[in-house]
Amino acid sequence: MSELYERLREAIVDERPVALATVIEGHNAGAKLVVEPDGDIIGTLGHAELDRIVSRDAVGELAAGRTGVRHYGAEGQARETDVSVFIESFSPPPIMLVFGAVDFTAALARAGKLLGFNVIVADARSVFATVKRFPMADRVMVAWPDEVFDAYGDRLGPHDAVCILTHDPKFDVPAVQRAVATDVGYIGVMGSRRTHATRLERLHEVGVDQKGIDRLMAPIGLDIGSRTPEETAVSVCAEIIANRTGHAAPSLRDSEGPIHRPPAEG
Amino acid sequence: MKEILSDLDAWRAEGRQVALARVVNVEGSGPRDPGAAMAVSDNGDVIGSVSGGCVEGAVVVEALDILESGERRMVSFGYSDDEAFAVGLTCGGTIHLFIEPLDW
């Protein structure tokens, strides 16, 4: 096996970010460069200056999680089109932190896996937070929110999600406090509208500001009339997608009335 | 390519000749984004996909041809009314694929 493929494969399997640049048109079609986030390269596109420019661009594309074609002169010149290079970014899977080892958790963990998340389930109660109950999760932690955020908080970004399903202020207040201090793209909090109203008071008391409150999707999920844990998991995952893409979808947060109102007749 | 990696490993371990097709560009409406990949082995087995099933059959033909000739190239599929394309995407977009032997 060749070194290029092996290095690419190892990075992907180890869940390390890596980019693959391939000349698809022009001189040396098929030539490849494997680029790591620190700019280390393996392989060559056939010209040292082209390698230097493409690897620099690949580091940027990788950081942004973008995949696409860029054009260069034969020696890497900008605004020339002698060579077309396909730069493919391989990012590690996004993280989904799920707080609360309840029935909804198992369904959400399954749906999260379907979407390609690295799913971590956490609950401070060792009786409930077991691998046996959540075999689909990548990791089950018997831990308080602080410990979970100490481990994962720095790694959370726009593509990651925090889902707080405990609806117990002992857990969800500290979980929200720590979640809004990260760059995580989605924070969903489960509970009725009444539960959320009292939760908001507690959050204000512990000093979570309005900017933090505005990031919360609570009650969690889209307003699609879901009832079962599985249906709720679909509504939460759909909200995560809509939130990331910025597309309009009816969130429960933005509607009024009972979450589980009976279906319309007819 | 991530999705087909373990199957690719198995094929390589068996010493099979493999062609790799990757979506590099999509114009207009297309079912899969750049980076979507499928692979075809020398005995015609297929893993992965590059569209919603519209052009996979034609990609297999191209891939086997490329395995035989060893010449990597760009292949495009567009709206099927265009005579330049034997098969097309029903959604009306155009996808550009880079197909090559997995010899690296």
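Strand β1 (residues 18-25) of chain A is largely enclosed by the rest of the structure, because seven of its eight residues are buried. The model is predicted, and the points below are grouped by topic.

**Strand β1 of chain A and its partners**

- β1(A) and β5(A) run antiparallel and are joined by seven bridges.
- Within this pairing, Ala21(A) has Ile87(A) of β5(A) opposite it.
- β1(A) is also joined to strand β2 (residues 32-35) of chain A, by four bridges and again in the antiparallel sense.
- Leu20(A) has Val34(A) as its bridge partner in β2(A).
- A hairpin is formed by β1(A) and β2(A), with six residues between the two strands. In its turn, Gly26(A) has a positive phi of about 105°.
- Strands of a sheet may pair parallel or antiparallel, in either case through backbone hydrogen bonds.

**Chain A as a whole**

- Chain A contains eight helices and eleven strands.
- The C-alpha trace of chain A spans about 65 × 45 × 40 Å along its principal axes.
- Of the 266 residues in chain A, 39% are buried.
- Among the contacts in chain A with a separation of 6 or more, 58% are between residues 24 or more positions apart.
- The domain assignment divides chain A into domain 1 (3-90) and domain 2 (95-254). The centres of these two domains, taken over C-alpha atoms, are separated by 37 Å.

**Helix α8 of chain A**

- Which residues of α8(A) are buried? They are Thr232(A), Ala233(A), Ser235(A), Val236(A), Cys237(A), Glu239(A) and Ile240(A).
- The cover over these buried residues includes α3 (103-114), β9, β10 (186-189) and β11 of chain A.
- An α-helix has 3.6 residues a turn, so residues three or four places apart point the same way.
- Gly246(A) follows α8(A) and has a positive phi, near 75°.

**Backbone geometry in the loops of chain A**

- Most residues other than glycine have a negative phi, and most peptide bonds are trans.
- The peptide bond from Ala218(A) to Pro219(A) is cis, with omega near -5°. Pro219(A) is situated in the loop between β11 (216-217) and α8 (229-245) of chain A.
- Arg79(A), a residue other than glycine, has a positive phi near 55°. Arg79(A) belongs to the loop between β4 (68-72) and β5 (83-90) of chain A.
- Arg79(A) is exposed, because 7 other C-beta atoms lie within 10 Å and the cut-off for an exposed residue is 12 or fewer.
- His167(A) is not a glycine either, yet its phi is positive at about 25°. The loop that holds His167(A) runs between β9 (161-164) and α5 (169-179) of chain A.
- His167(A) has 19 C-beta neighbours inside 10 Å and therefore counts as partly exposed, since a buried residue needs 20 or more.

**The sheet and helices of chain B**

- Chain B has an open sheet of five strands with antiparallel pairing, in the order β3-β2-β1-β5-β4.
- β3 (46-48) and β4 (73-77) of chain B are the edge strands; each has a single partner strand, so one side of each is left without a neighbour in the sheet.
- On average, neighbouring strands of this sheet are turned by 25° against each other, direction ignored.
- Strand β1 (residues 18-27) and strand β5 (residues 94-101) of chain B form an antiparallel pair over eight bridges. Glu27(B) has Thr94(B) in β5(B) as its bridge partner.
- Helix α1 (residues 5-13) of chain B lies across β1, β2 (37-41) and β3 of chain B, at about 150° to β1(B).
- Helix α2 (residues 56-69) of chain B packs on the sheet and touches β1, β2, β3, β4 and β5 of chain B. The direction of α2(B) makes about 30° with that of β5(B).

**Contact between the chains**

- How many residues of chain B are in contact with chain A? Twelve residues of chain B contact 18 residues of chain A.
- On the side of chain B that touches chain A, the elements giving two or more residues are α1, β1 and β5 of chain B.
- That side of chain B has six nonpolar, two polar and four charged residues.

How values were computed:
Residues are numbered from 1 along each chain as its sequence is written. Chains are lettered from A and ligands numbered from 1 in the order in which they are written. This is a predicted model: local features need pLDDT of at least 70, side-chain atom pairs count only at pLDDT 80 or more; totals for chains, interfaces and linings use all residues. Two strands pair if DSSP finds at least two bridges between them. Axes are lines fitted to C-alpha atoms, for helices over the stretch in contact, and angles run from 0 to 180 degrees between N-to-C directions. Two residues are in contact if their C-beta atoms, placed from the backbone, lie within 7 Å. Ala, Val, Leu, Ile, Met, Phe, Trp, Tyr, Cys and Pro count as nonpolar, Asp, Glu, Lys and Arg as charged, and the others, Gly among them, as polar. Domain bounds come from an automatic or database domain assignment.
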